[in-house]
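I opened the model to look up a few elements and how they sit against one another. My notes follow the order in which I looked.

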Amino acid sequence: MEDEFYIKMAMKLAKKGWGRASPNPMVGAVVVKNGEIVGKGYHKRYGEPHAEVNALKKAGENARGGTLYVNLEPCCIYGHTPPCTETIIKSGIKKVVCSTADPNPKVKGKGIKKLKHAKIEVKTGVLKAEAEKLNEAYFKFMRKKLPFVSLKIAQSLDGTIATKSGDSKWITSEDARKFVHQLRSQVDAVLIGANTAIKDNPDLTIHNQKGENPKRIILDSYCRILPQLKLIKKDKDGKTIVATVDSKKKLPVEVWRIKKDKEGKVDLLGLLKKAKEKNITSILVEGGSEVFTSFLKSNLVDKIYCFISPKILGEGKRSFGDLGIIKVSDSICLKDAEIRKFSNDLLICGYLVGRKNLSEAKSSPVKGS
């Protein structure tokens, strides 16, 4: 129980690095000696000292003979900073308790091995599942070499995301929208289709939430984006990206030229591979319906956030288009689903059960791009 207590504390510290530590994982560390906490730290920002180093620096000489609690295996490689294992060994720490091995193939198990070789006791597996969930984007990024993809849907009780005329402001309540701004602060990028960009003209910022604005990806196969849109006109931070197959048109923002799918539109898997090259570990897909449908059909979704408002809109734009499902038994299912209530809305959040690609081809066309 004592180990779990301090690991939970380490994970709470780790969350302070949400949105800033990426593409590194979120890591927190606690140094304990004789039952007292003598040092705490977390990885504040990519390129800056890691959690273990920050905690040990605060502990100073008090670290000697103590125990270090950390939610991820300490690194043993040189990157922007020296290996944490060297700092731990020099500090005189006698025991390290960590939740799980680092999935990075350059580290995986080697950090633990190095600590043991230095006669430091190492205990692993404490709250492993919780630790992996905390860094689910990082784990997928390292294991699958692709970003972690989440869909964010805001729909009415009858499953529509906009009225017949296209109006969608606002289906959900203010507190639910604030939560979405918080979600944006926790991912590397948000993504929308060209139709959504043109019709809604969104900012895709975190508004007044703590953290930093994510990158903004517009799926625009044929470069239909207009210069006067907020995402283009107000790109002062240089975070707007247009993903297209058009090789000629010039835009005043970053452009990714992605290979075509069989329909001549942006290949979604190719898009995710490009994002991986840019060290984007997580993407929040915010619309619209055609984009949601295409990602699902291509089996490229890891998680869904579905906000349901107790409004009935009747005929309008559905959340999803045809997924080719004939039987209920073939439904796309969520596992480990959680339900959260806001002032007037419900959020159903869960992970997708692994399934085969629903498209005939390897990648689905994005009709709304």
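I started with what covers the buried residues of helix 6: the cover includes helix 5 (128-134), strand 6 (148-156), helix 10 (268-277), strand 12 (282-287), strand 13 (303-309) and strand 16 (346-352). Contact here means heavy atoms within 4.5 Å. Helices (H or I, at least four residues) and strands (E, at least two) are DSSP runs, numbered from the N terminus.

This is a predicted model, in which local features need pLDDT of at least 70 and side-chain atom pairs count only at pLDDT 80 or more, while totals for chains, interfaces and linings use all residues. Residues are numbered from 1 along each chain as its sequence is written, and side-chain values use heavy atoms, leaving out hydrogens and water.

I then checked burial (buried is under 20% relative accessible area, exposed over 50%, partly exposed in between; 1.4 Å probe, protein chains only). In helix 6 (residues 136-144), seven of the nine residues are buried, so the helix is largely enclosed by the rest of the structure. I listed the buried ones as Glu136, Ala137, Tyr138, Phe139, Lys140, Phe141 and Met142. Just after helix 6, I found Lys145 with a positive phi of about 60 degrees.

Next I looked at an open sheet of five strands, with order 2-1-3-4-5 and mixed pairing. Two strands pair if DSSP finds at least two bridges between them. Strand 2 (36-42) and strand 5 (121-124) are the edge strands, each pairing on one side only. Strand 1 (residues 28-33) pairs antiparallel with strand 3 (residues 67-70) over four bridges. I noted Thr67 in strand 3 as the bridge partner of Val32.
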